[in-house]
Amino acid sequence: MAVLGSLIQEYNSSNMRYCINCCIHLLPNDLHRQCFRCRGPRHNNQKCPVCKGESKIPLYTDSKQMKLLAVLEVRTDHSESWNGFFCLRKGKLCSLIFGLIIMTLVMASYILTGAKHGLLLIPSPFHYGAFTSNPSLMDNESLSDMKDHYQPSKMNISYVKDYPSIKLIIDTITSKIEFITRQRPDLEELRKQEPHMFSVIPNKFLPNSKNPCWYEEYRGNTTTDPYATNSYALYSKRFRTIFDYLRKVFWNHLYHYKDKHYRLRCLPHFYIIGQPKCGTTDLYDRLRLHPDVRFSAIKEPHWWTRKRFGIIRLRDGFHDRYPVEDYLDLFDLAAHQIQGVLQSEAAKERGKTNNIIIGEASASTMWDNNAWIFFYDNSTEGEPPFLIQDFIHAFQPNAKLIIMLRDPVERLYSDYLYFASANKSVEDFHEKVAESLQLFENCMLDYSLRACVYNNTLNNAMPVRLQVGLYVVYLLDWLTVFDKDQILVLRLEDHASNVKYTMHMVFQFLDLGPLSEKQEALITKSPASNTRRPEDRSLGPMLPTTKAILRDFYRPFNTKLAQVLFDDAFLWKRM
C-alpha cells in the first residue's frame with residue numbers, strides 16, 4: 001500500500017500546474033481558450049478563479065473492504081467526464097496509464113497475499129453443482145445441533161449451502177447399499193495363492209501351550225546371523241536395537257534334540273484388528289501390563305495387510321515381499337519366555353499348560369485389503385476373491401479378535417487431523433469430505449458396495465478415508481470365516497468413560513487369570529495413550545454442516561451394525 005500512496009502523491013504533484021476542472025467544465029461547449037490559457041506554464045491554482053482552493057485531484061476508492069479487485073476512480077468535485085483526459089498532454093496520459101498498470105500490479109499482489117492467508121473467499125473446486133439453500137431440505141435434528149454448538153460465521157455460509165446438494169449424493173449412495181454375504185474361498189484355493197506360507201506354518205500346535213507355538217528345525221550354524229535378512233531390521237532403523245538384542249540371546253534359546261537344533265516359533269493368540277483412531281493404542285498399552293500377555297516386538301507389523309505384499313509405504317510402491325519368517329521373528333522375545341515356562345514346568349510338573357499368550361495390534365488388519373488387486377486373479381465384478389481373514393483362519397481357526405470402534409464421524413475427523421500434513425482446517429476437511437463422497441458415489445453407480453469398499457484406486461483417490469468407518473461391511477466379511485463368539489467388539493466411548501469395565505471384558509474374553517489390586521490399578525489407572533495433539537485440538541470441532549453430512553452418510557451402516565451386534569449403542573445417536 002506504500003507504493004500506492006507514493007503513486008497518488010506523484011500523480012497529484014504533477015498536475016498542480018494544470019486546471020483539469022476548467023477543461024472538464026468548458027470542453028462540452030467546445031470553448032478551449034480559457035482552458036488553454038489556464039493550462040499555461042505559469043498557471044497558479046491560487047489565482048485561477050476556477051481552480052482557487054484546489055491543490056490536488058481527489059482520489060476515491062470503494063468504501064467496502066477490497067475483495068478480488070479494487071476499483072480506483074479519479075474524480076473531481078464538479079461534473080465528471082472521461083472527456084477531460086483529452087485535455088491532458090500525451091506525456092501525462094502515458095504517465096497516468098503507467099500508474100494504473102503499477103496500481104493493478106499492486107492490487108494483484110494484495111489479492112495473492114490475501115489468498116495465501118485465507119483472506120479471500122474463493123469458491124471451492126469441490127462444490128458440485130448449484131447449491132440451493134432451501135431449509136426444508138436440511139435435517140432438522142442436525143440443524144438444531146448446529147444452533148446449540150456452533151454459530152456459523154460468514155466464512156462458513158457457503159458450506160451450509162453445500163448440504164442440500166451433498167445430501168442428494170448421499171441419497172444416491174444409500175439407495176445402492178446392499179449387504180450381500182460373500183462366498184468363502186476353499187482351503188485349496190488359499191494354498192495355491194500362498195504355498196510358502198503353508199509350508200512354514202503347521203496345521204497343529206503344541207498341546208501344552210495356550211498360545212499357538214511349534215518347534216522348527218534350525219539349520220544355520222553358530223556363525224550365521226539368524227536375522228541377517230529380516231526385512232523389518234533392514235528397512236527400519238528403530239527396530240535394529242531389538243534385533244541386536246535377539247542376536248545376543250538367540251543361541252541360548254535353541255532346543256537340542258537328537259543332534260539337531262530347534263527354535264520355538266509362535267503366532268499370536270489374539271489380534272487387535274481395528275480400527276485406526278479408535279483407541280487401539282491405549283488398549284494395547286494397557287494389555288501389555290498384564291503379566292500373562294506379550295506382544296510382537298513392534299506394535300503394528302502390518303504384515304498380513306501390507307508387508308507380505310512388499311508394501312512399506314503406500315506412496316513408495318512395492319518392494320520385496322516380507323516372507324512369513326520375518327513376521328514370526330517378531331514374536332521371538334515372547335517365544336523365549338514361553339519356552340522357558342514350558343521347560344521349567346516340564347521338569348517340575350509335567351503336563352502343566354503355559355498360560356502366556358501373545359497379541360498383535362495392527363489396526364489395518366480389519367479393513368486394509370488394498371493390495372489384492374495386484375496379486376489375486378479371478379475377481380468377481382471388482383470384489384476381492386481372498387481377504388486377510390481367509391488366511392488367518394486357515395492357520396488359526398481358534399484365533400480371538402478384538403475390535404475397538406468409535407463414532408465413525410468423529411473417527412474420520414480424528415484421522416484427518418492425525419494424517420494431514422499441512423493446511424489443516426475445518427473448511428479443508430469439509431471440502432475433502434465433499435470430494436470423497438462424490439468419488440464414492442461415482443463408484444456406487446457402477447459397482448457393488450463391497451467392490452467400492454475394497455477398491456484400491458478409489459481408496460487412494462479419496463482425500464479422507466471414508467471407507468474405514470464402514471465398520472459393518474468389514475465385520476460381516478470377518479463373520480463369514482470366524483464365529484461371533486471369537487470376536488469382541490468394543491466402543492471407544494465406553495472405554496473412555498469406564499476403563500475398568502472394558503478391560504475386565506477383555507480379560508474375560510481372553511480367559512486371563514485374576515489380578516491383584518495393585519496390578520489391576522496399574523492397568524486401569526494409567527493415563528490414556530495416543531491422545532489428540534495440542535495443535536490439532538486448537539482447530540476445534542468440525543463444521544456442524546460437515547457433521548450433519550457425515551451423520552447422513554454413515555447412518556445406514558451404523559443401523560446395520562447395531563442389528564448385527566444387537567446393541568443400539570452402535571447407532572451413535574447421542575454423539
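Guide: A disulfide is a pair of cysteine sulfur atoms within 2.5 Å. This is a predicted model, in which local features need pLDDT of at least 70, side-chain atom pairs count only at pLDDT 80 or more, and totals for chains, interfaces and linings use all residues. Residues are numbered from 1 along each chain as its sequence is written, while side-chain values use heavy atoms, with hydrogens and water left out.

Visitor: How many helices and how many strands does the protein chain have?
Guide: Helices (H or I, at least four residues) and strands (E, at least two) are DSSP runs, numbered from the N terminus. Counted in this way, the protein chain has 25 helices and ten strands.

Visitor: What share of the 575 residues in the protein chain is buried?
Guide: A residue is buried when its relative accessible area is under 20%, exposed when that area is over 50%, and partly exposed in between (1.4 Å probe, protein chains only). Of the 575 residues in the protein chain, the buried ones make up 48%.

Visitor: How many residues apart in sequence are the parts that the pair Cys-213 and Cys-266 ties together?
Guide: The link of Cys-213 and Cys-266 is right-handed, with 105 degrees about the S-S bond. Cys-213 lies in strand 3 (residues 213-218) and Cys-266 in strand 5 (residues 260-266), so the parts that this pair ties together are separated in sequence by 53 residues.

Visitor: How many of the eight residues of helix 20 are buried?
Guide: Helix 20 covers residues 471-478 and is mostly covered. Its buried residues are Tyr-471, Val-472, Val-473, Tyr-474, Leu-475, Asp-477 and Trp-478. Out of the eight residues of helix 20, the number buried is seven.

Visitor: Which residues is Thr-524 in contact with, leaving aside its neighbours within four places in sequence?
Guide: Thr-524 lies in helix 23 (residues 517-524) and counts as buried at 15% relative accessibility. A polar atom of its side chain lies 2.8 Å from the backbone oxygen of Glu-520. With contact meaning heavy atoms within 4.5 Å, and with neighbours within four places in sequence left aside, Thr-524 is in contact with Arg-286, Val-499, Lys-500 and Met-503.

Visitor: Is helix 16 parallel or oblique to helix 25?
Guide: The axes of helix 16 (residues 408-419) and helix 25 (residues 544-565) come within 9 Å and cross at roughly 125 degrees; axes are lines fitted to C-alpha atoms, for helices over the stretch in contact, and angles run from 0 to 180 degrees between N-to-C directions. Angles under 35 degrees count as roughly parallel, over 145 as roughly antiparallel, 65 to 115 as roughly perpendicular and the rest as oblique. Relative to helix 25, helix 16 is therefore oblique.

Notes:
A polar contact is a pair of N or O atoms within 3.5 Å; within protein, one must be able to donate a hydrogen and the other to accept it, and residues adjacent in sequence count only if both atoms are side-chain atoms.
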